[in-house]
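Q: I am new to this structure and would like to learn how to read its features one at a time. Could you take me through it?

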Amino acid sequence: MAAPAANMTTNGDRLWDAIMEMAKIGPGVAGGNNRQTLTDADSEGRHLFKRWCDEAGLTTGVDEMGNMFARREGTDPDALPVYVGSHLDTQPTGGKYDGVLGVLGGLELVRTLNDLDIKTKHPIVVTNWTNEEGTRFAPAMLSSGVFAGIHERDWAYDKTDARGARFGDELERIGWKGDEKVGDRKMHAMFELHIEQGPILEAEGKEIGVVTNGQGLSWTQVTVTGKDSHTGSTPMPMRKNAGLGMARILELVDEIAWSHKPHAVGAAGHIDVYPNSRNVIPGKTVFTVDFRSPDLAVITDMEQRLDKGAREICEEMGLGIELEKVGGFDPVAFDETCVTAVRNAADRLGYSHQNIVSGAGHDACWIARVAPTAMIMCPCVDGLSHNEAEEISKEWAKAGADVLFHAVVETAGIVE
């Protein structure tokens, strides 16, 4: 396929304005966003995105999981589409760019094609995947997982939030449950633009991350049981302190992750302590251990060492323990042809770049199971994400969108 000319670039001001306009929907309390999936704010953001797609001449379809697909036709009716996109939902205290850059960068790609009156052989489809964050309805990347055949649709519909609201009911309530069967669409390729959510690109002074791999992830929920008792009147030898058991297991988690440095990580982000009272020794703790590595053998080793070591800790302390794997996916190697298209685009445009492994999960990680896929990353200030203080520059956003444009358009094929 012919590559776009180096002077074909996106409109950075227009992209930035779109990001800022979307950020007005579901504002947070500290400058970011709280536009959680299947809320009224999510619906409002979807309507704005669809209006922009309509204005750009795209035809939007919606599947049974609420995934949105905005299509620009190609010249070959038999050619499979090139997909591009990410997600519009946010964390409860999320930033303005996580996910949004990828969706609106895809829209800007189409707007630029319209400006330049460029036709492509393959159709291009801009996608908004439902519930990538997984904050309200676990697990993360839920709808792209259903699309890729990882999860069953009805299983996803039955997921509930902290208040007991059901995913399928909320999808219908906000009016974004489509008729299209999930996963019926076939792809020529997919590209996802995203902020790095880490500090590497900024620290190295690089404008573009060429994502070669996605880390594998393992979530294990650990329940430690002891005995509630008074903090002041229970003698030290007679205590069954589930909180102390958790603390020792978390030290083990840290030790395990460090043993596989520099590419493995581990911690517990979700922790519940019962009864969570100032003067009661915890009788139960429930926490989720998050292990990640680009090497499946390393993930397996970390899981096994956690299981063995945590049980030994609890046995020695006279505590009960249960371990349950509640989520995860294997490491991902992105498609070499798509990755090369991203790297060549950065070279053609003169943007500094380096290979990078994604430390976070993304919809592209599931779609890589069913289609050739690649990711592009731009830096974010101090590597901060999932935080209202998340920040990128207009120049970084434009660089990412330019590389996205070139990689997608080369893959879709310019029609002379």
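Q: Which residues of the largest nonpolar core touch the most other members?

A: As a general idea, in soluble globular proteins nonpolar side chains tend to be buried together. In this predicted model, the largest nonpolar core has 98 residues, and those that touch the most other members are Met22, Phe49, Leu101, Leu104, Phe191, Ile392 and Val403. Helix H12, residues 394-412, gives the most to this core, contributing 11 residues.

Q: Which residues is Val403 in contact with, leaving aside its neighbours within four places in sequence?

A: With those neighbours set aside, Val403 is in contact with Ile208, Val342, Ala345, Ala346, Leu349, Tyr351 and Ile376. There is also a second, separate core of 21 residues, which includes Ala242, Leu252, Phe287 and Val298.

Q: What is the order of the strands in the open sheet of four strands?

A: The order is E10-E12-E8-E13, and the pairing is antiparallel. Strand E10 (265-274) and strand E13 (320-329) each have a single partner strand, so they stand at the edges and one side of each is left without a neighbour in the sheet. From one strand to the next, the twist averages 15°.

Q: How many bridges join E10 to strand E12?

A: Nine bridges join E10 to E12 (residues 284-293), and the two strands run antiparallel; Ala268, for example, has Val289 in E12 as its bridge partner.

Q: Which strands does helix H8 touch where it packs on the sheet?

A: Helix H8 (residues 242-259) touches E8, E10, E12 and E13, and its direction makes about 5° with that of E12. Helix H9 (residues 296-317) also packs on the sheet, touching E8, E10, E12 and E13, while the direction of H9 makes about 165° with that of E13.

Technical notes:
Residues numbered from 1 in each chain as written. Predicted model: local features only at pLDDT ≥ 70, side-chain atom pairs only at ≥ 80, totals over all residues. Heavy atoms only, no water. Pairing = 2+ DSSP bridges. Axes fitted to C-alpha atoms, helices over the stretch in contact; angles between N-to-C directions. Contact = heavy atoms within 4.5 Å. Core = buried A, V, L, I, M, F, W, Y, C linked by side-chain atoms within 4.5 Å. Buried < 20%, exposed > 50% of the residue type's maximum accessible area, 1.4 Å probe, protein only.
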